[in-house]
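The following exercises concern a protein chain and its three-dimensional model. Please work through each task before reading its solution.

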Amino acid sequence: MQNGTMEQMKVYHHDRHVNGHFYAPAESGKYPVVIFSHGYNGNKMDFDLSAKYLVEHKVAAFCYDFCGGSNRDESGMATTDMTLFTEMEDLKAVIEQVKALEKVDEDKVFLFGGSQGGLVTALTADSMSEEIRGMILLYPAFCIADNWNERFPNKEDIPEEEELWGMKLGRVFFESIHGYDVFEHVGQYCRNILVMHGDQDPIVSLGYSERIKATYENVRLEVFEGEGHGFTPEGNETMTRMLLEFVKANI
């Protein structure tokens with residue numbers, strides 16, 4: 001990586017550990033940092049290129065695996081034990097450890113979340129306005145609770161395990177969001193937010209991001225024409241440039 005370093009890190013909490021990569025400019029000093037949270041069955045490498053781009057422009061980054069958040073997670077936690085709320089615990093622990101790093105300016109911490117990681121990021125940031133400088137959401141999956149509650153409207157409908165896109169979820173995932181209205185638990189974060197969403201997303205309707213814009217005070221919604229759930233290389237390049245511009249504008 002040009003002009004930067006990447007260090008493997010573990011964050012221990014709740015009798016488990018998060019595996020992550022910390023990217024930083026090579027020079028000494030304190031830098032703004034973006035904490036990247038991946039989506040369903042993703043991992044810490046999903047935003048590796050974006051993290052390296054930030055480092056080239058004097059912004060640090062931390063990418064990590066949610067415990068039980070994918071088939072590639074190495075924490076030892078089963079995917080069937082993961083919930084949105086265990087992922088919130090992971091992110092809160094990550095924030096505390098990253099803030100304490102020598103090269104991080106603890107007053108310039110930004111959260112970035114993609115898809116399910118976007119929902120977890122928003123839920124986490126809601127009580128942390130003073131600690132989080134800005135929030136960036138990429139096709140955030142605020143639809144998750146709605147989708148599963150439609151699938152399993154009654155608790156007796158919930159199975160012990162359910163496979164989705166090659167990954168098994170456990171009963172605890174569905175029970176924890178049964179009857180859960182996401183928009184009743186977000187909206188308090190008052191600093192600037194950038195939301196990026198494709199207009200051809202077949203997984204998360206653009207309408208959810210439009211509702212996010214109406215729910216929070218300070219939201220900029222960027223609609224990517226022709227992009228779906230998971231951007232093309234060209235879309236990702238544009239997304240990363242917008243991310244950097246947002247960070248620079250808010251430090």
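**Exercise 1.** Is Cys143 buried or exposed?

*Solution.* The model is a predicted one. Step 1: a residue counts as buried when its relative accessible area is under 20%. Step 2: the relative accessibility of Cys143 is 3%. Step 3: Cys143 is therefore buried, since 3% falls under 20%.

**Exercise 2.** Which residues of helix H1 are buried, and what covers them?

*Solution.* Step 1: helix H1 spans residues 48-56, and its buried residues are Asp48, Ser50, Ala51, Leu54 and Val55. Step 2: these residues lie on the same side of H1, because they cover an arc of only 165° around the axis. Step 3: an α-helix has 3.6 residues a turn, so residues three or four places apart point the same way. Step 4: the cover over the buried residues of H1 includes strands S1 (4-13), S2 (16-25), S3 (31-37) and S4 (60-64), together with helix H7 (233-249). Step 5: after H1 comes Lys58, which has a positive phi near 65°.

**Exercise 3.** Describe the order of the strands in the sheet and identify the strands at its edges.

*Solution.* Step 1: the sheet is open, has eight strands and shows mixed pairing; its order is S1-S2-S4-S3-S5-S6-S9-S10. Step 2: the edges are formed by S1 and strand S10 (219-224); each has a single partner strand, so one side of each has no neighbour in the sheet. Step 3: on average, neighbouring strands are turned by 20° against each other, direction ignored. Step 4: within the sheet, S6 (residues 134-138) and S9 (residues 193-198) run parallel and are joined by four bridges. Leu138 stands opposite Met196 in S9. Step 5: H1 packs on the sheet, where it touches S1, S2, S3 and S4, and its direction makes about 40° with that of S2. Step 6: helix H6 (residues 206-215) also packs on the sheet, touching S9 and S10, and its direction makes about 160° with that of S10.

**Exercise 4.** Where is Ser115 located, and with which side chain does its own side chain make a polar contact?

*Solution.* Step 1: Ser115 lies in the loop between strand S5 (104-114) and helix H3 (116-125). Step 2: its relative accessibility is 12%, and Ser115 therefore counts as buried. Step 3: the polar contact joins the side chain of Ser115 to that of His229, at 2.8 Å. Step 4: apart from neighbours within four places in sequence, the residues in contact with Ser115 include Gly39, Leu138 and Tyr139.

**Exercise 5.** Describe the setting of Arg220.

*Solution.* Step 1: Arg220 belongs to strand S10. Step 2: with 36% relative accessibility, Arg220 is partly exposed. Step 3: Arg220 touches Ile193, Leu194, Val195 and Met242, residues up to four places away in sequence being left out. Step 4: a polar contact of 2.9 Å links the side chains of Arg220 and Glu222.

Notes
Residues are numbered from 1 along each chain as its sequence is written. This is a predicted model: local features need pLDDT of at least 70, side-chain atom pairs count only at pLDDT 80 or more; totals for chains, interfaces and linings use all residues. Side-chain values use heavy atoms; hydrogens and water are left out. Buried means under 20% relative accessible area, exposed over 50%, partly exposed in between (1.4 Å probe, protein chains only). Helices (H or I, at least four residues) and strands (E, at least two) are DSSP runs, numbered from the N terminus. The arc is that of the directions from the helix axis to the C-beta atoms. Contact means heavy atoms within 4.5 Å. Two strands pair if DSSP finds at least two bridges between them. Axes are lines fitted to C-alpha atoms, for helices over the stretch in contact, and angles run from 0 to 180 degrees between N-to-C directions. A polar contact is a pair of N or O atoms within 3.5 Å; within protein, one must be able to donate a hydrogen and the other to accept it, and residues adjacent in sequence count only if both atoms are side-chain atoms.
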